[in-house]
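The structure is shown first, and the description follows.

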Amino acid sequence: MKNITLDVSKAVQFLKEGTVKNYEAKVKEAQEALENGTCPGNDFLGWLHLPSSITPAFLKEIQDCANILRDNCEAIVVAGIGGSYLGARAVIEALSNSFSWLINDKSNPTILFAGNNIGEDYLYELTEYLKDKKFGVINISKSGTTTETALTFRLLKKQCEEQRGKEEAKKVIVAVTDATKGAARAAADKEGYKTFVIPDNVGGRFSVLTPVGLLPIACAGFDITKLVEGAADMEKACGKDAAYEENPAAIYAAVRNGLYDQAGKKIEIMVNYQPKLHFISEWWKQLFGESEGKDNKGIFPASCDFTTDLHSMGQWIQQGERTIYETVISVEEPDKKLLFPSDEENLDGLNFLAGKRVDEVNKMAELGTRLAHVDGGVPNIRISVPVLNEYYIGQLIYFFEIACGISGNILGVNPFNQPGVEAYKKNMFALLDKPGYEEDSKAIKERLAKEK
């Protein structure tokens with residue numbers, strides 16, 4: 001089978017000649033540090049060879065659990081935030097019918113996502129929607145105390161038990177959590193829920209190929225064996241023994257660091273021309289943003305859905321500050337075929353497109369935009385995906401994960417921690433008068449009083 005491919009020709013023209021070759025030593029050093037476990041954050045490298053280590057028996061256990069949920073639920077709520085839901089949602093949205101929530105043909109349960117915000121209206125509307133539904137919950141939290149997810153799970157657990165009875169609820173509530181500790185583990189053991197373990201050495205944003213992502217994806221009716229197979233094949237293609245010039249993750253890491261260091265490109269815009277890839281971009285933003293944004297360093301990850309966002313962001317991209325570059329995910333062949341119709345009156349003047357596939361028009365929009373943006377000073381990287389299926393999405397996931405690890409090491413940061421995200425939590429807990437935050441609460445309230 002083909003692999004996803006990388007084209008950097010429209011990016012390297014913005015770099016000094018030989019730049020990509022000159023990064024070879026840095027890339028190899030960064031990759032060796034991952035392989036040898038000598039890089040910062042080396043206790044979170046469990047994702048590195050995860051695809052090739054997943055066994056058929058493990059996948060069967062996940063699929064068996066998914067089948068129980070599928071057989072007993074009209075809707076399944078995935079409760080999680082950040083890496084605990086973005087990967088699963090990215091894969092499910094990429095592979096689903098765009099209007100599955102309207103079609104509702106009962107062949108698959110409706111997959112819903114919650115626990116990723118504290119919106120009262122959202123949670124109220126969710127609980128109202130579920131009132132006449134046989135629903136289950138996948139609670140994804142290592143600690144069980146993350147505010148957004150814990151709050152949501154508390155609401156959903158109570159509602160599920162009230163609607164289905166405590167014994168029936170036990171069959172349709174699953175915990176994906178720590179092996180031995182934390183509130184979610186304690187609750188699961190007490191209630192007798194089926195559980196899966198989030199490995200200690202895999203951080204949330206790298207956890208798509210653990211039960212964090214695999215269980216919801218299987219519940220949605222997609223082939224997790226093919227997903228893992230694609231990731232495992234990309235693991236080989238990007239492995240330490242792959243030739244530098246033929247390793248797409250190595251070249252991607254080299255080019256983006258070259259653009260950052262040499263050309264002053266501080267913002268990477270992830271672009272797609274396929275609406276189904278919106279949440280792939282959202283997952284990618286967390287992966288790179290949380291991994292690289294440290295020590296006052298790091299490329300800022302942004303995203304646009306084209307051609308939609310060309311009508312809102314196109315002007316800025318074409319002629320705004322030249323601190324950006326684009327990475328385009330291009331799907332070679334859509335799943336469906338639709339021809340542009342002819343119209344006798346031709347009032348819109350589009351008969352010149354009659355008989356062409358809609359995707360041909362989309363591809364020309366992609367090519368025309370690439371040319372215009374490159375001419376406007378925006379370097380362009382292109383990632384080509386043969387088709388949208390489980391196998392190639394698996395490839396894409398691992399490609400970005402290994403490229404992120406390499407790139408973060410080149411940058412000189414710890415790609416696997418996220419110390420900065422604790423600052424807002426401390427302030428929030430202090431303002432809510434959470435026990436243990438009394439001193440912080442006093443200091444913040446004094447500060448706010450002075451600022452009035």
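## Aromatic pairs

The structure holds 16 aromatic pairs, where rings of Phe, Tyr and Trp (its six-membered ring) pair if their centres lie within 6.5 Å, and planes under 30 degrees apart count as stacked, over 60 as edge-to-face and the rest as tilted. For Trp47 and Phe416 the ring centres are 6.0 Å apart and the planes stand at 45 degrees, so this pair is tilted. Trp47 belongs to the loop between helix 3 (24-36) and helix 4 (50-53), and Phe416 to the loop between helix 18 and helix 19, so the pair ties together parts that are 369 residues apart in sequence. Trp47 and Phe416 are both buried (under 20% relative accessible area, with exposed over 50% and partly exposed in between; 1.4 Å probe, protein chains only). Ring pairs also link Tyr252, Trp283, Trp284, Phe288, Phe399 and Phe400 into a cluster.

Residues are numbered from 1 along each chain as its sequence is written. In this predicted model, local features need pLDDT of at least 70 and side-chain atom pairs count only at pLDDT 80 or more, while totals for chains, interfaces and linings use all residues; side-chain values use heavy atoms, with hydrogens and water left out.

## Charges over rings

A charge sits over a ring if NZ of Lys or CZ of Arg is within 6 Å of the ring centre and within 35 degrees of the ring normal. Lys194 lies over the face of Phe196, at 4.9 Å from the ring centre. Lys266 is placed over the face of Tyr260, with a distance of 4.3 Å to the ring centre.

## The parallel sheet

Helices (H or I, at least four residues) and strands (E, at least two) are DSSP runs, numbered from the N terminus; two strands pair if DSSP finds at least two bridges between them. An open sheet of 5 strands has the order 3-2-4-5-6, with parallel pairing. Strand 3 (110-114) and strand 6 (194-197) stand at its edges, each with a single partner strand, so one side of each has no neighbour in the sheet. Strand 4 (residues 135-140) pairs with strand 5 (residues 173-177) in the parallel sense over 4 bridges, and Ile140 has Val176 in strand 5 as its bridge partner.

Helix 5 (residues 56-72) lies across strand 2 (75-79), strand 4, strand 5 and strand 6, and runs at about 140 degrees to strand 6. Such angles run from 0 to 180 degrees between N-to-C directions, with axes fitted to C-alpha atoms, for helices over the stretch in contact; contact means heavy atoms within 4.5 Å.

Strand 1 pairs with strand 10 (residues 380-385) in the antiparallel sense over 3 bridges, and Asp7 stands opposite Arg382 in strand 10.

## Helix 19

Met428, Phe429 and Ala430 are buried in helix 19 (residues 422-431). The cover over the buried residues of helix 19 includes helix 9 (147-164) and helix 20 (438-451).

## Cysteines

With a disulfide taken as a pair of cysteine sulfur atoms within 2.5 Å, the count comes to 0 disulfides. Cys238 is in no disulfide, and the nearest cysteine sulfur, that of Cys404, is 13 Å away. Cys404 counts as buried at 0% relative accessibility.
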